[in-house]
Amino acid sequence: MYKIRIYSFYTLLVLLLMSCTRVSEETAPWELEAFPVVYSIITPDSVICVHLTSAFAGGKKQEIKDARVCIIEEDDNSTELTWQDSVFQDLHGAVRVERGKTYKLKIELSDGIELTAETTVPNEVAVFSEFSFIPLKAISSYQLSAYFTSKWTIPTANTASDNYIILPSWNWEINAIKTSDVDYEANSTRLIYPSDAPEYYISLYTTDIWLSRFLINKTYQANALTNGSDIISVIATEFSGLLPNFSNIENGVGMFGSYLLHVRDLEGNIIKQSK
């Protein structure tokens with residue numbers, strides 16, 4: 001029996017990485033002065049967290065505590081988040097993240113600067129229609145191999161800007177191929193995986209356009225895997241010298257995105273799925 005540990009928020013930050021969008025190497029404004037960096041991903045049934053820092057040339061960063069951070073729902077109801085454990089959080093679960101809804105992030109800094117962004121949560125979660133993981137002969141005492149096949153179909157309610165990413169828990173990429181206008185598959189006759197991974201599962205993410213654009217940057221993939229789960233440090237370091245073309249933060253840099261999730265263990269059992 002494989003060891004399974006349910007997906008966590010930080011696993012997503014490390015793992016969701018695919019494809020190839022170019023990053024513009026330009027002189028960034030924070031090369032000369034501190035610049036606000038925002039990073040937040042929302043999904044149903046999870047606490048909303050917003051990371052807010054100042055990035056400096058050379059990769060230095062400093063947490064910003066003196067700010068008013070709010071999530072605004074479609075009915076204009078505004079909920080102010082609370083600073084705790086180095087992040088702004090919706091501690092009491094006042095905001096209910098729902099499929100198909102649009103949420104706005106509004107941050108008021110002490111110097112009067114206002115940062116804004118918005119994300120629309122996908123309408124439906126994509127699920128595996130076919131899933132097979134068959135262990136093969138071990139490659140070594142450190143690496144195992146398996147025959148893996150999977151398929152899924154784009155949910156009819158989703159928009160053209162939504163994206164779909166398949167990721168294993170051991171941090172190694174699995175490439176997906178679009179076989180028709182609505183169908184994907186991800187197959188490997190020899191999928192290599194470590195023998196000592198702390199957990200074994202495969203996740204299928206349905207993401208909004210902003211999270212998708214953030215995660216397809218290969219630079220972040222390499223650095224995230226090198227530095228482990230501290231993705232915020234990775235972002236601050238990268239933002240100190242690059243101007244990312246995927247930023248959707250007005251008056252700042254970073255990303256405010258959303259996703260839905262479908263997870264199976266290696267035996268094909270569903271262990272988590274967004275409601």
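Visitor: How many salt bridges does a search of the whole structure find?

Guide: Side chains of opposite charge can pair when their charged atoms come close. A salt bridge is counted here when a side-chain nitrogen of Lys or Arg lies within 4 Å of a carboxyl oxygen of Asp or Glu, and a search of the whole structure finds five of them. This is a predicted model, in which local features need pLDDT of at least 70 and side-chain atom pairs count only at pLDDT 80 or more, while totals for chains, interfaces and linings use all residues. Residues are numbered from 1 along each chain as its sequence is written, and side-chain values use heavy atoms, with hydrogens and water left out.

Visitor: Which parts does the pair of Glu-80 and Arg-68 tie together?

Guide: Strands are DSSP runs of E with at least two residues, numbered from the N terminus. The side chains of Glu-80 and Arg-68 meet in a salt bridge, at 3.3 Å from N to O. Because Glu-80 lies in strand 5 (residues 78-80) and Arg-68 in strand 4 (residues 67-72), the pair ties together parts that are 12 residues apart in sequence.

Visitor: Where do Lys-151 and Glu-130 lie?

Guide: The side chains of Lys-151 and Glu-130 meet in a salt bridge at 3.9 Å, N to O. This pair links distant parts of the chain, with Lys-151 in strand 11 and Glu-130 in strand 10 (residues 128-135), 21 residues apart.

Visitor: Which residues are linked in a network of salt bridges?

Guide: Lys-106, Glu-108 and Glu-114 are linked in such a network. Within it, Lys-106 pairs with Glu-114, the closest N and O atoms being 3.8 Å apart.

Visitor: How is the relative accessible area of Lys-106 classed?

Guide: Buried means under 20% relative accessible area, exposed means over 50%, and partly exposed lies in between, with a 1.4 Å probe and protein chains only. Lys-106 has 24% and is therefore partly exposed, and Glu-114, at 34%, is also partly exposed. Glu-80 is partly exposed at 44%, as is Arg-68 at 36%.

Visitor: Which residues make the nonpolar surface patch?

Guide: Patches are made of residues with over 30% relative accessible area and no salt bridge, nonpolar side chains (Val, Leu, Ile, Met, Phe, Trp, Tyr) being joined within 5 Å and like charges within 9 Å. Here Ile-134, Leu-136 and Tyr-147 make a nonpolar patch of about 260 Å², where accessible areas come from the Shrake-Rupley method with a 1.4 Å probe and, for residues, only the protein chains shown count as cover. Tyr-147 lies in strand 11 (residues 143-153), and its relative accessibility of 36% is why Tyr-147 counts as partly exposed.

Methods:
Helices (H or I, at least four residues) and strands (E, at least two) are DSSP runs, numbered from the N terminus.
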